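I opened the file to look up a few things and wrote down what came out. The entries follow in the order I made them.

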Amino acid sequence: MKIGGVAYRSIWLNADGATVEVIDQTLLPHRFAIRSLMSLADAEHAIKTMIVRGAPLIGATAAYGMSLAMAADPSDSMLEEAHGCLLAARPTAVNLRWALDEMASVLRPIAPTQRKQVAYQRAAEICDEDVALNRAIGEHGLKIINGIASKKETNATINIMTHCNAGWLATVDFGTALAPIYLAHDAGLKVHVWVSETRPRNQGASLTAWELGQHGVAHTVIVDNAAGHLLRCGEVDMVIVGSDRTAANGDVCNKIGTYLKALAAKDNGVPFYVALPGPTIDWSLADGATIPIEERGALEVSHISGRNKHHGVSTVALTPQASAIANPGFDVTPARLVTGLITERGVCAASKEGLLGLYPENANGAPTTRPLSRVDKLPPRRQRARNLA
């Protein structure tokens, strides 16, 4: 995707071949800046503090975190330490565990002297694979949007609601839920996106709105509690969200507030789709009841940051100082509320049978592998980056 006309991914390897660079998402939309990750501790901090966020990008960052650890110390003990350290950084997104297990399985059998080179190579492949997966998700989702457009008057606006940020900032590129929207926009369809703010961290208002604006996609930011009203009034043609973890039966874990949108969409007959790559499916879980829900800090709820009249960024308190605060980061949407799952292999029902129809190799609960054959077809791409702060 592009920022100010310059092509970016959300994570890339610096020209020095060692430093990993990411967009610092905690500063958006008020400031665009690049942060360099130079150590395992840097990668852990970036994941834990949401400098990077979104399940696919967390996985890619973890893969490069393992590479940074191997560059510093390729020993067996460091390999296990890095795996455990990064795994604990965010407990909900299954892509984190997938990427770490993949890196460990590649690195454990080889000699320590080879681990640095192999680690960087496999991390780069994981990033390229993510781009291929997301592009394919976009293509399958575009068919759904085209179907909606065919039932409307010529050149009528297609209104799509989303939640949180499942765009290219949450992945390596293209995004999951936003990938079909970008392809529809680029194909000339008249799309408009209802962007819910996504309290408490406002990923919708600060990230989704920012990247849609950068790409020229029409959008309107709404408070989270306006979603049900818009759905009831017929202002939404479809809802599409991402997923941080999807159970084998099609239950979907996503950013807190997703469940409420699914309920409102169901009650008003609006299709509710979830876009996700295969590695987001946790085949070890029969349903979503046992998905660990991250409980985040109280400050995210009690305080908020924004640009002040002096064009600086200030943080202010919102709640009474003595009030108790709960801050669950995710919720689980039951499969019965999901119209369909949009994956890189196609669209399926949110059910065990539907998922196995696309991923038959997972009938025994084995983890989904990424389609390297698709990555082989990706054109070479030089990533450019500049600090526009």
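Predicted model: local features only at pLDDT ≥ 70, side-chain atom pairs only at ≥ 80, totals over all residues.

**Entry 1, methionine 50.** I asked first: is methionine 50 buried or exposed? Methionine 50 is buried, at a relative accessible area of 2%; buried means under 20% relative accessible area, exposed over 50%, and partly exposed in between, with a 1.4 Å probe and protein chains only. I found methionine 50 in the loop between α1 and α2. I noted that helices are DSSP runs of H or I with at least four residues, that strands are runs of E with at least two, and that both are numbered from the N terminus. Methionine 50 is not a glycine, yet its phi is positive, about 65°.

Residues are numbered from 1 along each chain as its sequence is written, and side-chain values use heavy atoms, with hydrogens and water left out.

Most residues other than glycine have a negative phi, and most peptide bonds are trans. I looked for exceptions. Phenylalanine 174 has a positive phi of about 70° and is not a glycine. I located phenylalanine 174 in the loop between β6 and α6 (179-186), and phenylalanine 174 is buried, with a relative accessible area of 17%. Leucine 28 and proline 29 are joined by a cis peptide bond with omega about 5°; proline 29 sits in the loop between β4 and β5 (34-37). Arginine 199 and proline 200 are also linked by a cis peptide bond, with omega about 10°. Proline 200 is in the loop between β7 (191-196) and α7 (203-215).

At what angle do the axes of α1 and α3 cross? The axes of α1 (residues 40-48) and α3 (residues 76-87) cross at roughly 15° and come within 10 Å. Axes are lines fitted to C-alpha atoms, for helices over the stretch in contact, and angles run from 0 to 180 degrees between N-to-C directions. Angles under 35 degrees count as roughly parallel, over 145 as roughly antiparallel, 65 to 115 as roughly perpendicular and the rest as oblique, so α1 and α3 are roughly parallel to each other. Leu40, Ala43, Glu44 and Ile47 in α1 meet Met78, Ala82, Cys85 and Leu86 in α3; contact means heavy atoms within 4.5 Å.

I followed isoleucine 47, a residue of helix α1. Isoleucine 47 is buried, with a relative accessible area of 0%. Neighbours within four places in sequence aside, its contacts include Val52, Ile58, Leu86 and Leu96.

Which residues have the most contacts inside the largest nonpolar core? They are Ile11, Ile47, Met66 and Met103, in a core of 42 residues. A nonpolar core is a set of buried Ala, Val, Leu, Ile, Met, Phe, Trp, Tyr and Cys residues joined through side-chain atoms within 4.5 Å. Helix α2 gives the largest share of this core, 11 residues. Apart from it lies another core, of 37 residues, including Ile23 and Leu207.

For contrast I checked threonine 154, in the loop between α5 and β6 (158-162). Threonine 154 is exposed, with a relative accessible area of 80%.
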